[in-house]
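Let's take a walk through a protein chain together. Have a look at the fold below, and keep it open while you read.

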Amino acid sequence: MEGPPPFVIGHHDSKRSLPVTSDNIRDAHAANYDMVTTPITTPHFHSRVLSLLSSSLSQHASVAGEDITKTKNASPIVVPALTPADTPLSPGDSISQIIGVTSSWVDLSSPDPIIADMSQQVLRLELAYAAFCGVSYVIIPGSRLRGRGAADSGIAEYARAILDGLSQGPYMQLYIWFPIIDNTEDEGDGIGDLGSFVRQQYSDFDEAGTKRLDVFGSWEAWDMIRSICKYPSRLCVALSLPKLLPPTPIQSRWYSEPVRIITLDSKVFSKNAKGYPVLSRAHQAFISRFVSLRTPPWFLLCNVGPIPTTTTTNSTAPAFSATFPSLAEAAENQHIKDPTPQLSYMRNLQAKQPIPDAIASFGAGYQDYLQAPLQPLTVNLESITYEVFEKDPIKYAWYERAIARALHDWIEQGKPTSNPDGRVVVAVVGAGRGPLVTRALKASEDVGVEIDMWALEKNPNAFVLLQRHNETTWNNRVNLVKSDMRLWRGPVHPATSKPISRVYNTDTEQDIDVDVDVDVEREKQPNTEAAPGESFTGSPSLDSTYLLATAPTTSSSSTPYKIDILISELLGSFADNELSPECLDGVQHLLNPVHGISIPASYTAHISPIAAPKLHADIMHGMTPTNPAAPETPYVVMLNAIDFLSTTTPETSTPTPIPTLPIQTSASPTSPTAAAPMSSTVSSAPNTKTPYSQAHAAHAAHARSSQQPSQQPSTSTPAPPLPIPIIGTTWSFQHPNPALPTPPKDTALSNSHNARSTTLTFPIPHRGTCHGLAGYFETVLYRGVELSTNPNTMDAKSEGMISWFPIYFPLKTPLTVPDNSELSVTMWRRTDDRRVWYEWIVDIFIYLSSPSSSDDSTSTNTNTRGGKAPPASGAEHQGQGRKVRIGGSELHSSEKEACLM
């Protein structure tokens with residue numbers, strides 16, 4: 001069985017003795033560390049640079065306000081090349097086990113251009129030599145924000161130095177070491193720091209302004225750096241955690257970034273009652289969330305004491321349980337002394353991580369992986385694609401439940417069937433490999449309602465498998481048709497067949513007796529109707545039924561009839577993006593016009609703006625060079641390392657409302673009984689068959705039993721409440737479509753009625769960068785049975801469903817959105833009767849306070865619906881001042897990658 005995700009843990013000591021030898025590496029491995037850090041240069045090199053700087057500054061003092069870096073020489077002081085005494089590194093076998101750390105005494109973002117230039121020279125020398133030695137990973141201290149966030153902090157100078165550094169080692173990963181929030185206490189100029197040599201005129205500028213705590217300051221600096229460097233894949237983040245974690249919005253923001261190392265100083269750990277170092281519950285939850293990423297970060301324990309040598313341990317790497325004594329062991333053995341208590345704690349935290357369940361294991365390889373949407377009407381899918389869909393533990397169980405309920409309601413409400421023999425006509429259009437056919441037959445058996453089963457599939461390869469299933473699994477109970485559903489002429493019935501009277505009773509025992517009587521009656525009649533398992537795939541000249549199914553002519557010996565229940569699984573990640581409306585419009589004329597049921601009955605599409613730097617980088621560097629239309633193509637992707645920009649807090653939020661239905665177990669959707677009450681006879685009879693299948697009942701019972709232990713007190717670490725995303729509704733479709741136009745005679749039906757457009761407004765509480773839009777959908781299969789990929793409703797409606805990943809609408813150029821701003825999305829679903837595509841545009845607005853505005857005129861619009869623009873009167877927004885557009889995207893169109901009809 002797959003175990004908890006492994007932790008990669010390293011050791012960092014800012015006062016480590018040099019050089020780091022092979023023996024040091026072996027000691028680290030023996031202590032259960034995976035790697036160690038080493039400075040790239042020695043104190044000797046530091047002294048040389050300080051001596052050079054102090055002796056040269058007096059020669060380059062400003063004269064009458066003149067700065068030599070602007071008038072004569074931008075690099076007046078040249079740092080000499082490295083000597084053997086300047087660096088402890090040498091190429092060797094152990095070089096792959098270390099992480100290089102550049103000098104922390106430089107100041108790449110110094111306001112003094114001479115200090116900044118010397119710092120950049122030092123960085124180039126260190127990176128060039130590290131790359132020569134074969135060092136693959138280098139940590140670079142982040143820019144100094146000086147308590148003013150990213151404003152006026154020399155971020156551009158710092159980013160330019162990093163851009164040069166990336167060219168020094170084409171195979172080297174650079175990790176910018178940032179604190180999770182801007183902390184001025186950690187930026188003091190130490191002894192020998194180049195920042196202490198800043199000239200007076202620049203020192204005055206550096207000290208000007210008000211210092212403030214900006215929780216988004218570090219992130220904003222990182223965002224500017226990687227934007228200037230154009231999102232390189234080799235530039236990542238090393239994130240330092242403080243003793244007290246910041247609010248969850250900034251934690252979620254860092255979760256979307258390429259954090260590859262998390263550093264934990266000894267000061268971050270607290271001591272428990274026995275004096276053992278532990279992390280707070282908030283830190284544990286933070287770590288647990290990050291290790292669930294597709295690429296989990298490494299951990300670096302900083303200043304936690306020296307690595308024990310093999311001469312003192314006299315053993316190999318101890319087991320987790322042996323190095324971390326329990327409380328009882330510690331109480332009984334006071335002499336136990338763990339030389340690496342923080343490391344032992346982290347190893348135990350690793351062992352306590354939850355083992356990935358089936359859903360997590362299935363999705364691990366798909367996290368943040370961009371996939372082009374399917375073209376099911378023009379491309380015949382492979383078997384493996386169908387197989388992925390069929391692994392979903394929820395989707396088909398919910399479909400079976402919807403079918404069973406529809407059959408039950410059909411009989412309970414006394415609806416006449418379209419088949420003259422009294423059976424309910426059920427058709428699966430787009431049957432694929434047949435999972436819905438199996439579910440429909442099972443639902444029929446469970447409810448006790450006989451059906452006339454039809455299955456339609458255009459994929460000739462999948463149709464071969466359907467024929468085999470009909471012979472080996474379905475006992476030839478299914479009528480198979482190989483055709484495009486839009487060309488199908490519907491089911492046919494031999495004219496010589498006589499109607500059969502069927503009586504359905506809700507009593508279980510009587511149902512069995514009636515079924516037997518019906519079977520006997522069928523045996524007594526002449527076998528004049530077509531065999532239920534007949535596949536209508538022969539020559540039209542020989543197969544009159546196939547002719548009726550695919551051609552406008554009719555046969556006098558056979559009678560076409562309507563479909564009572566039409567089942568399809570044509571939904572895409574955005575509901576309508578795989579042309580479900582167009583396909584079902586083409587087959588709607590075959591549906592019983594009075595009582596016909598479509599499963600699904602309706603669906604809606606939803607969007608929300610997100611920060612997704614990884615997806616943007618993948619499109620920019622991995623797809624655009626070969627496909628210029630890549631930045632305007634919607635992608636199916638299992639979103640993971642993202643951050644929702646429009647959110648509300650759990651305490652004050654009013655997320656998208658869901659029906660006030662009793663929430664069942666995690667394996668079942670909201671209760672259909674409250675949404676669509678059954679008749680009094682059904683609900684009161686103790687022996688009545690329920691309107692859903694036995695499979696679902698067993699599934700729900702198992703979920704209830706498995707949930708009971710979870711009601712006991714849990715020892716797992718609860719995650720802090722995360723911000724709730726605001727998800728806006730774009731548009732919806734209904735089937736059967738009551739507004740489907742009637743085409744003019746001898747004229748094809750236009751698809752203009754399936755065009756849609758919407759404008760949504762999203763409040764943005766915290767600054768961020770919008771890289772695109774996340775798309776979701778919700779669908780009502782049948783009354784009370786729903787599926788959802790909407791993050792706000794999926795757990796209540798279809799928890800555990802994995803058939804559909806969200807859709808991602810990218811932006812060519814990321815948009816910076818400020819605090820308390822508003823983001824407007826305008827989106828279109830367009831068609832030219834041959835293709836369907838999407839267009840979208842994003843605009844950013846802020847509200848400027850006016851003299852007549854109240855003190856809170858710049859407050860954020862708290863419209864949590866996300867589906868309508870706030871009310872406005874002229875140019876003034878009541879209570880918010882004047883609305884001003886400060887930026888926006890160009891119009892994006894996926895027409896070049898349109899879905900073909």
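This is a predicted model: local features need pLDDT of at least 70, side-chain atom pairs count only at pLDDT 80 or more; totals for chains, interfaces and linings use all residues.

The protein chain has 901 residues, and 51% of them are buried. Now think about which residues touch each other. If you take the contacts between residues at least 6 apart in sequence, 83% of those join residues at least 24 apart.

Let's turn to the helices. Find helix H2, residues 43-57, and helix H4, residues 113-133. The axes of H2 and H4 come within 12 Å and cross at roughly 155°. An angle over 145 degrees counts as roughly antiparallel, so H2 is roughly antiparallel to H4. If you care about handedness, this crossing of H2 and H4 is right-handed. What meets what here? From H2 come Phe-45, Val-49, Leu-52, Leu-53 and Leu-57, and on the H4 side they meet Ile-114, Ile-115, Met-118, Val-122 and Leu-125. Sort the residues of this contact by class and you get 10 nonpolar, no polar and no charged.

H4 has another partner to show you: helix H5, residues 155-168. The axes of H4 and H5 are 9 Å apart, and the helices pack at an angle of about 25°. Angles under 35 degrees count as roughly parallel, which means H4 runs roughly parallel to H5. H4 passes H5 in a right-handed crossing. In this contact, Gln-120, Leu-123, Arg-124, Leu-127, Ala-128 and Ala-131 of H4 meet Glu-157, Ala-161, Ile-162, Asp-164, Gly-165 and Gln-168 of H5.

Next, hop over to strand S5, residues 173-179, where you'll find Trp-177. Trp-177 and Ile-140 sit 37 residues apart in sequence, yet their C-alpha atoms are 5.7 Å apart in space. Leaving out residues up to four places away in sequence, Trp-177 touches a whole list of others, including His-12, Ile-139, Ile-140, Ala-238, Thr-263 and Cys-302.

Now for a stretch further along the chain. Ser-568 belongs to strand S17, and Ser-568 is buried because its relative accessible area is 1%, under the 20% cut-off. Beyond its sequence neighbours up to four places away, Ser-568 touches Tyr-399, Val-429, Leu-436, Leu-584, Ile-599 and Pro-600.

Glu-569 lies in the loop between S17 and H21. An unreviewed UniProt entry carries the annotation "active site" for Glu-569 and Glu-578. Is Glu-569 buried or exposed? With a relative accessible area of 17%, Glu-569 is buried. Again skipping residues up to four places away, Glu-569 touches Lys-395, Tyr-396, Tyr-399, Gly-430, Pro-435 and Leu-436.

Our last stop is Ala-575, in the loop between strand S17 (565-568) and helix H21 (580-587). Its relative accessibility is 1%, so Ala-575 counts as buried. Which residues does Ala-575 touch, not counting those up to four places away in sequence? They are Leu-570, Ser-580, Tyr-603, Thr-604 and Phe-777. Finally, look at Ala-575 and Ala-605: they are 30 residues apart along the chain, while their C-alpha atoms are separated by 6.0 Å.

Note on methods: Residues are numbered from 1 along each chain as its sequence is written. Side-chain values use heavy atoms; hydrogens and water are left out. Helices (H or I, at least four residues) and strands (E, at least two) are DSSP runs, numbered from the N terminus. Buried means under 20% relative accessible area, exposed over 50%, partly exposed in between (1.4 Å probe, protein chains only). Contact means heavy atoms within 4.5 Å. Axes are lines fitted to C-alpha atoms, for helices over the stretch in contact, and angles run from 0 to 180 degrees between N-to-C directions. Angles under 35 degrees count as roughly parallel, over 145 as roughly antiparallel, 65 to 115 as roughly perpendicular and the rest as oblique. A crossing is left-handed if the near helix is turned anticlockwise from the far one by less than a right angle, and right-handed if clockwise. UniProt positions are given in the numbering used here, feature names are shortened, and annotations may be inferred rather than shown by experiment. Ala, Val, Leu, Ile, Met, Phe, Trp, Tyr, Cys and Pro count as nonpolar, Asp, Glu, Lys and Arg as charged, and the others, Gly among them, as polar.
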